[in-house]
Amino acid sequence: MPEDFRGAPVIFAGNMSLFRQIYKLLRWELTLEWRDRYALGSVLLYVVATVVIVYLALLQGLNADTFNALYWIILFFGATVAAGRSFLREGGRRHLYYYTLADPLALLFSKLLYNLLVIWLISGLTFLLLQLFANQISIPAPLPLFLATVLGGVGLAAILTFVSALAARAGGNGTLMAVLSFPLVIPLLKLLVDAGTYAMDTGIDDPLRPVYLILAVDLLAVAVAVVLFPFVWRD
């Protein structure tokens, strides 16, 4: 068996439920990442290095606004680097294997769930490091920030996974993914920054207002990906 398919999931699209295909593909994705740990390690190193450099540069320490901006900047670029590899490595025989045997939605959701786990890992590590270096900052309403992180991860994973598929089908150009993803994530990033601001401001009556809009963006992003991905993948 070729190296790329050693331990690959056996999928029979006609005889296996969609959820079981998602489970097998997700497990295979995690197995590949465990074999090739340098990619995830480089993302985590980026998070640590960015926080340390900013802390050393800001001698007066991190204030609430800097904390909020830095948190979402690191999360966005870390998510872009992690999710950008979703379909760019699915070339040659592996693409043919998935194309002929796997349900397109099973492949989409397996990639989306994997990217979501990575994004949540990046967000948790970033928050812990920022709290370590900026322990003087208090978050009066942590719930909006927590919900924005959880729901924002879903939106980022959906958008970046789908854009990664588009870039892969257009020739696997990582620059193309960056160009396509940036205008799509701007509204989501604006809502995430607002949620962080609301979490640190005690004078706002309804701190969950941006969270509702983030949930709406998530539903729209997932719906668009579900509708369009089968056409992109079968093209």
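**Figure 1. Surface and overall make-up of the chain.** The chain exposes about 11700 Å², and carbon and sulfur atoms supply 70% of that area. The model shown here and in the other figures is predicted. Buried residues account for 44% of the 235 residues in the chain. The chain contains 8 helices and 0 strands, and its pattern along the sequence reads α-α-α-α-α-α-α-α. Among contacts between residues at least 6 apart in sequence, 80% join residues at least 24 apart.

**Figure 2. Helices α6 and α8 in contact.** This view shows helix α6, residues 142-169, beside helix α8, residues 209-234. The axes of the two helices come within 9 Å and cross at roughly 20°. Angles under 35 degrees count as roughly parallel, and α6 and α8 are therefore roughly parallel to each other. Their crossing is left-handed. The residues that form the contact of α6 with α8 comprise 20 nonpolar, 2 polar and 2 charged ones.

**Figure 3. Helices α3 and α6 in contact.** The crossing of α3 with α6 is right-handed. On the α3 side, the contact is made by Tyr71, Trp72, Leu75, Phe76, Ala79, Thr80 and Ala83. On the α6 side, the residues are Leu145, Ala148, Thr149, Leu156, Leu160 and Ser164. Sorted by class, the contact of α3 with α6 has 10 nonpolar residues, 3 polar residues and no charged residues.

**Figure 4. Serine 181 in helix α7.** Serine 181 belongs to helix α7, which covers residues 174-199. Is this serine buried or exposed? Serine 181 has a relative accessibility of 1% and so counts as buried, since buried means under 20% relative accessible area. Apart from neighbours within four places in sequence, serine 181 is in contact with Leu160 and Val163. Leu160 is also one of the α6 residues in the contact with α3.

**Figure 5. Leucine 44 in helix α2.** Leucine 44 is part of helix α2, residues 38-57. With a relative accessible area of 24%, leucine 44 is partly exposed. Which residues does leucine 44 contact, leaving aside its neighbours within four places in sequence? They are Leu121 and Leu125. Leucine 44 and leucine 125 are 81 residues apart in sequence, and their C-alpha atoms are 8.1 Å apart in space.

**Figure 6. Serine 110 in helix α5.** The helix in this view, α5, runs over residues 104-133 and includes serine 110. Serine 110 has a relative accessible area of 2% and is therefore buried. Not counting residues up to four places away in sequence, serine 110 touches Ile22, Leu25 and Leu26. Tyrosine 23 is 87 residues from serine 110 along the chain, and the C-alpha atoms of these two residues are separated by 7.1 Å.

Notes:
Residues numbered from 1 in each chain as written. Predicted model: local features only at pLDDT ≥ 70, side-chain atom pairs only at ≥ 80, totals over all residues. Heavy atoms only, no water. Helix = DSSP H or I, 4+ residues; strand = E, 2+ residues; numbered from the N terminus. Buried < 20%, exposed > 50% of the residue type's maximum accessible area, 1.4 Å probe, protein only. Contact = heavy atoms within 4.5 Å. Areas by Shrake-Rupley, 256 points an atom, 1.4 Å probe, with all protein chains shown as cover. Axes fitted to C-alpha atoms, helices over the stretch in contact; angles between N-to-C directions. Parallel < 35°, antiparallel > 145°, perpendicular 65-115°, else oblique. Left-handed = near helix turned anticlockwise from the far one by under 90°. Nonpolar A, V, L, I, M, F, W, Y, C, P; charged D, E, K, R; others polar.
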